[in-house]
Amino acid sequence: METPDDGRPPPGGCDSLSEDNEQVMSEIHLGCPPGYSGFHVSHFVISLPSVEDEQFGKETAGLVKDELTSTAEVCCLDEDGDLILTRRRRAARDSFVVTVRHKITSSIPRVGLQVWKAEFVLADFMLHKMFTSSEIDGVVAVELGAGAGFVGILLARAAQTVFITDHGEEVLDNCAENVRQNMGILPCKASVYVRELDWNCSWHPSVEVNPQLEDRYSWTISEVEEYQKASLLVAADVIYSDDLTDAFFSTLERIMSVDPEKVLYLALEKRYNFSLDDLDVVANGYSHFRSYLRVEDCDELDNGSKGEFLGKPVDLTEIPQYVMEYERGSDVELWQVKYEKTNLE
C-alpha cells in the first residue's frame, strides 16, 4: 500500500524533524517506515458497490412476507429430499486508487501534512451519497482545512467545482501535488482549485497576491464569485484546539450566513486526555465543539451570534466502508451542521 517518495518536499517545506516541536502520528500511518522524516506516498483503494449487490439489495428490500413464502415454495429438492439452495454469485467489485503524498509524523501546527481517520469516515459518507443519490452532482463544494485534500479529490468525481482550502505554503503545496497525482480518476468537466483560506481573516478570500505564496494559491475575482455559490461544505479532523475551533466557527458563520443555503458535513475524532482540573480523562476539545451546536432543538446556544448552528449526528452504522484498509473504530463522529438565521426585530 505504501511506498517511499523519492522526490523532495514541496518548495519552502521542511524535510527534517524539529527537536523543538512535539511530533505526532496518525494511526493511518502505522506500518510506514519508522523514523522516516521525508514525504511518503500511500495508495488507498476505494471499493465500489457492484451493480449486482445493489440490485439484490433493492429486490430483497421490496419483498413482503407472502412473497418470501412463495419463493420458498418453488425451491427444489434433490434426490435425497434435501433442499436445493441457489446461492447468489458474488460479483467482483470494481475499485480505483487514490494516491496521497503525506508525512508520517509532523508537529501539531503541520498535522495537515498527514492523513487522519476522520477524513476516511467523511470520504465514506460522501462516496455513499455519490453512489445512492444525485445530491452532490453538479454542486459547488468547499473542503475546509483540507490537509492532504483526500475528500476534495473524491468530491470532484461528482461536483462541478471544488475548492480545496487550507492555510500555509507547505500544506497547500502538498495538497496541490495530490490533486495533480489523481487527475486521472477525475472527470474532465470538474474544476478543482487549491486555495489559501485563513480562518483568522475575513470570509471573503483575498484576491490580492500573498507575496509569501506567490500567486499559486491566491483567488481571482471570478473564483470568489463561484466560491460564494457553494452549497456543500466538508471538513475532517479540524477540531483539536479551542482557539482553532473558535476561528473555524467564526469562519463558518460568515460563510453560511450568505445565500445560497449551505450544509456542512464535519467528521471529527474524540480525543481524550487526562485533565488536572477535572482529575479525569476528558475530551475537552470535543466539549468545546459541542458548545457551538444546538442539537434537535434541545441545546441552548447563546454565544452572541446572529444565528444558530443546528447539529445532527449521522448514524455511521448505516454508512458502508468504501475506503479500504483502515479501522473505523468508535471514537469518530460525523455531524450534519446547518446555520439558522434569526429574525432580528
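I take a polar contact as a pair of N or O atoms within 3.5 Å; within protein, one must be able to donate a hydrogen and the other to accept it, and residues adjacent in sequence count only if both atoms are side-chain atoms.

I am working on a predicted model, where local features need pLDDT of at least 70, side-chain atom pairs count only at pLDDT 80 or more, and totals for chains, interfaces and linings use all residues. Residues are numbered from 1 along each chain as its sequence is written, and side-chain values use heavy atoms, with hydrogens and water left out.

**Entry: His102**

I looked up His102 and its contacts. A polar contact of 3.5 Å links its side chain to that of His29. Another, of 2.7 Å, links the side chains of His102 and Ser42. I noted His102 as buried because its relative accessibility is 0% (buried is under 20% relative accessible area, exposed over 50%, partly exposed in between, with a 1.4 Å probe and protein chains only).

**Entry: strand E4**

His102 sits in strand E4. I use DSSP runs for helices (H or I, at least four residues) and strands (E, at least two), numbered from the N terminus. E4 spans residues 95-103, and seven of its nine residues are buried. I then checked its pairing with E3, residues 39-47: the two run antiparallel, joined by nine bridges. Strands pair if DSSP finds at least two bridges between them. Phe44 stands opposite Val98 of E4.

**Entry: largest pocket**

I turned to the pockets. A pocket, on a 1 Å grid over the protein atoms alone, is an open set of points where a 1.4 Å probe fits, with protein on both sides within 12 Å along at least five of seven lines; lining residues have an atom within 4 Å of a point. The largest has a volume of about 650 Å³, the space filled by probe spheres set on the points, which are joined across faces, edges and corners.

Which residues lie nearest its centre? I found Pro109, Asp166, His167, Val171 and Tyr240, out of 28 lining residues. Helices H5 (169-181) and H7 (242-256) each supply at least two lining residues. H5 gives the most, with three.

**Entry: Asp198**

I placed Asp198 in the loop between strand E8 (191-196) and helix H6 (221-227). Asp198 counts as partly exposed because its relative accessibility is 21%. Its side chain reaches the backbone nitrogen of Asn200 at 3.0 Å. Gly145 is 53 residues from Asp198 in sequence, and 9.3 Å away C-alpha to C-alpha.
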